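Here are my notes on the model you sent over.

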Amino acid sequence: MTLPAELDLSQIPFWARPQAERMEAFRRLRELDRPVFVPEQAVPFVGGGPGYYALVRHADVTAASREAAVFSSEPCSNSIPDMPRWLSVYFGSMINMDDPRHARLRRIVSRAFTPRVLAKMEEDLARAAAEIVDQAVAEGPGDFVAQVAARLPVRVICDMMGIPASHHDAVLRRTNVILGNADPEYTGIDPGFSRVRVARGLAKLLRAGHALNRLAARLGDERRRRPTGDLVSLLVNGDERLSSQELGSFFILLVVAGSETTRNAIAYGLKLFTDHPEQRELLLADFDGRIAGACDEIVRYATPVIQFRRTLTRDHELNGTPYRKGDKVLLFYTSANRDETVFADPDAFDITRDPNPHVGFGGPGPHYCLGAHLARREMTVMFRELFTRLPGIKAVGEPDFLLSNFINGVKHLRYTF
């Protein structure tokens, strides 16, 4: 079928539409007999392909996620066109790999996310949240993303890696560029993909990736010579270790995936609790008993990562639809999390939703988010601190959203307390 403009997911103007309209478009796509084929928009200097199948139902997204040997993350999962070598050198992390390479890297970096390591971080998380709120109180209310939501995840990840506080703001600016997509504020790329502006945006992207890669590589070299027992020391020493290139790519993945997605969940959370005061009252009536459900419902409702790509390794039939070797599919988590066959009243924000089999941290299988537990802990300590210290805190007006078909991001959110 030829997609009408209001359903053409490949066009950047679709992603500039109000979120309610986009959700309605996905609802219409879920009603179709089979996944639609979406022609791909070529990007200057990067290229493109014939297109992809849009997997928008929960059943399709979860089934494809489980069958990683068929629905491959190679050559890349975080880009619709195949990523050129000059980009993949910085952004070709383990999310763009299949086993056994993926399993090896995941086994090494999982040292950062063991229950023992995360338990030791609990006190540091609480202290960081308290200091961030202290600073917000001193500054006065303004932009919740800049003052609160973006600060905690970057600080946590940089502290994990042993990166000094003097680098935190620079790390945040560079992650904004890396995930800026088609947003002019961060990349300068225009929705029409003019060659001049795309060239400038790609140059900014390369500089950001190079800077973060070098920062991690230098730290890795220091820890090889003088291990301190921190995370980087664990990753670059021992029987299984990361090379300098692997460490740089892992750091970019960690800081981009960990900081951007968690910051967006925190920002969405404030907006959702402002728009649904009854849910906030419900949470505060039993914070410890309900915060876990609240975090998962925020992630389901917001779905900070819109989609990931997979590529078929062989001919395969999934839920009655045949695919051919080499076909691309996009796993639209944002649509799967509103699937009315799985979630009762899916457009409602309900922190008591149970069960809540959302795919906001990725579908089941080997690529499920390693940092999911850490993200939940960060959200918990921040909302505890905010609602305890600033009981009148609320969002003001509508968020300023990122223009992206990859990250459902909040760039700015006015707030008061």
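How many nonpolar, polar and charged residues are in the lining of the largest pocket?

1. First, the ground rules. This is a predicted model, where local features need pLDDT of at least 70, side-chain atom pairs count only at pLDDT 80 or more, and totals for chains, interfaces and linings use all residues. Residues are numbered from 1 along each chain as its sequence is written, and side-chain values use heavy atoms, with hydrogens and water left out.

2. Back to the question: the lining has nine nonpolar, one polar and seven charged residues. Here Ala, Val, Leu, Ile, Met, Phe, Trp, Tyr, Cys and Pro count as nonpolar, Asp, Glu, Lys and Arg as charged, and the others, Gly among them, as polar.

3. The volume of this largest pocket is about 460 Å³. Of its 17 lining residues, Val117, Met121, Asp124, Asp159 and Met160 are the closest to the centre. (A pocket is an open set of points on a 1 Å grid over the protein atoms alone where a 1.4 Å probe fits, with protein on both sides within 12 Å along at least five of seven lines; lining residues have an atom within 4 Å of a point. The volume is the space filled by probe spheres set on the points, which are joined across faces, edges and corners.)

4. Helices H6 (115-139), H8 (151-161) and H11 (231-236) each give at least two residues to that lining, and H6 has the largest share, with eight. Helices are DSSP runs (H or I, at least four residues), numbered from the N terminus.

5. Now the charges: I see 30 salt bridges in the structure, meaning a side-chain nitrogen of Lys or Arg within 4 Å of a carboxyl oxygen of Asp or Glu. One of them pairs Glu123 with Arg127 at 3.5 Å, N to O. Both sit in H6, four residues apart, or about one turn of the helix. Glu123 is exposed at 58% relative accessible area, while Arg127 is partly exposed at 38% (buried is under 20%, exposed over 50%, partly exposed in between, with a 1.4 Å probe and protein chains only).

6. H6 also reaches elsewhere in the chain. Asp134 and Arg389 form a salt bridge at 2.5 Å, N to O, linking H6 to helix H16 (residues 372-389) across 255 residues. Asp134 is partly exposed at 40%, as is Arg389 at 35%.

7. Finally, Glu297 and Arg300 form a salt bridge at 2.9 Å, and both are buried. Elsewhere, salt bridges with shared partners join Asp183, Glu185, Asp400 and Lys411 into one network.
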